[in-house]
Amino acid sequence: MNRLNWGDLTPEKFLNEYWQKKPLLIKNAFRDFTDPITPDELAGLAMEEGLESRIISHKNKSNWQVQHGPFESFDQFGEQNWTLLMQAVNNFSKKTHALLSHFNFVPSWRIDDVMVSYSTPNGGVGAHLDQYDVFIIQGAGKRRWQVGLPDPTLTELIPHQDLKQISPFEPYIDEITEAGDLLYIPPNHPHNGISIENSMNFSIGFQAPNSQELWSTFTDKLIDQNRGEQRFNDKDRKLAADPALLSQEDIGSLKNFMLSQLEDENFFSEFIGNYLTQCHHPLEILVPVTPFTTDDIKQLIDEGDVVFYKVSGIKSLFVNQPNNALHFNGESFDLDTDTDSETVASLLANEQCLTVKEFKSFSVCLKKLTLLTNLLNKGYWYIE
Ligand code: SIN
Ligand code: CO
């Protein structure tokens, strides 16, 4: 597929001027864009058990309905006024996953999934807000997209218990999108996409943890690992001025006592790396029936014609400070401190597939073979 054509912008300018600040439409961002998945293939996924699909329909903007998949048939929905939305299509379609390569100017830990929608004429989810950034690529067909600016006077509407909308808003962008156009919508900006004809949209959705989730997961980890059980101490205590007063000094000491848990850099890094690589959508992980040994993998590599594949949509990242670690699907794998280890970690975290040639130069060391063997035995990488 053609590269993202930024026009007068660059990714750097985009980050400075638009990212989390202003909506943007780039017309013809992808020349000759072709859908990485067809409406029929999408419908096929929506018929599968355990995947996240919804159909939102309306009758002349009233009587909104939300139905959840799996669907047995789509006949009942007719020719117009409905949209099929499917989360994390990138976990089941490698070509859809490949769209993410255009957005690698933002680290992959910020990306959640690629949601795909198929909308019939007049179909859409209605005006609403999202808490996350999104890039929407217009695929086949045309859609009218309106995006407004944050407006505290907008009111929330709930036309159906599973559907949050907002009152009509003043559009800042109001355009008809065509194949290859790219829309960027920052969090909490009202937007509404109404299909003009049968159309496909590919939404690159981002994720951003909230502080509450971070604190609660962090404290769960403290409890799991029996950390933080020591008691507050105050051996330098001075005479109390008023026994009922909780002094500023004591408040400060108690706060620092709590914060000291965050200051163990290795512990925090392991926590955050694992946290950010947890996947919130179903994945196709197949654990091998018989685990591989490092000898099996060495032999496969020596034979030379094997290709290793990473599970589509699985979250991975690596950390090089304070410790070297590779994080995969909420787990961490220790690495050596040499530069080869960092290169291997970067390959395993960035690439979707690796040939023996790409891996071979690093595979001399048993520790790196052990790492690949572990990942294969977890089913996070596989051999086809
Ligand atoms: C879509 O209908 O494809 C996108 C829905 C949204 O605005 O979140
Ligand atoms: Co939205």
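Figure 1. T177 is buried, with a relative accessible area of 3%, where buried means under 20% relative accessible area, exposed over 50% and partly exposed in between, using a 1.4 Å probe and protein chains only. The residue lies in strand β10 (residues 171-177); helices (H or I, at least four residues) and strands (E, at least two) are DSSP runs, numbered from the N terminus. Not counting residues up to four places away in sequence, T177 touches L25, K27, Q138, G141, K142, R143 and W145, contact being heavy atoms within 4.5 Å. The C-alpha atoms of T177 and S199 are separated by 10.0 Å, and these residues are 22 residues apart along the chain. This is a predicted model, in which local features need pLDDT of at least 70 and side-chain atom pairs count only at pLDDT 80 or more, whereas totals for chains, interfaces and linings use all residues. Residues are numbered from 1 along each chain as its sequence is written, chains are lettered from A and ligands numbered from 1 in the order in which they are written, and side-chain values use heavy atoms, with hydrogens and water left out.

**Figure 2. The site of the cobalt ion (ligand 2).** H128 (NE2), D130 (OD) and H191 (NE2) coordinate the cobalt ion (ligand 2) at 2.0 to 2.1 Å; donors are N, O and S atoms within 2.8 Å of the metal (3.2 Å for Na, K and Ca), and water is not among the atoms, so sites may look incomplete. The spacing of the donor residues in sequence is H-x1-D-x60-H. H128 lies in the loop between β5 (111-119) and β6 (134-138) and H191 in strand β12 (residues 191-195), so the pair ties together parts that are 63 residues apart in sequence. Both H128 and H191 are buried.

**Figure 3. The crossing of helices α4 and α6.** The axes of helix α4 (residues 211-224) and helix α6 (residues 265-276) come within 11 Å and cross at roughly 120°, which means that α4 is oblique to α6. Angles under 35 degrees count as roughly parallel, over 145 as roughly antiparallel, 65 to 115 as roughly perpendicular and the rest as oblique; axes are lines fitted to C-alpha atoms, for helices over the stretch in contact, and angles run from 0 to 180 degrees between N-to-C directions. E213, L214, T217, F218, K221 and L222 in α4 meet F267, F268, E270, F271, I272 and Y275 in α6.
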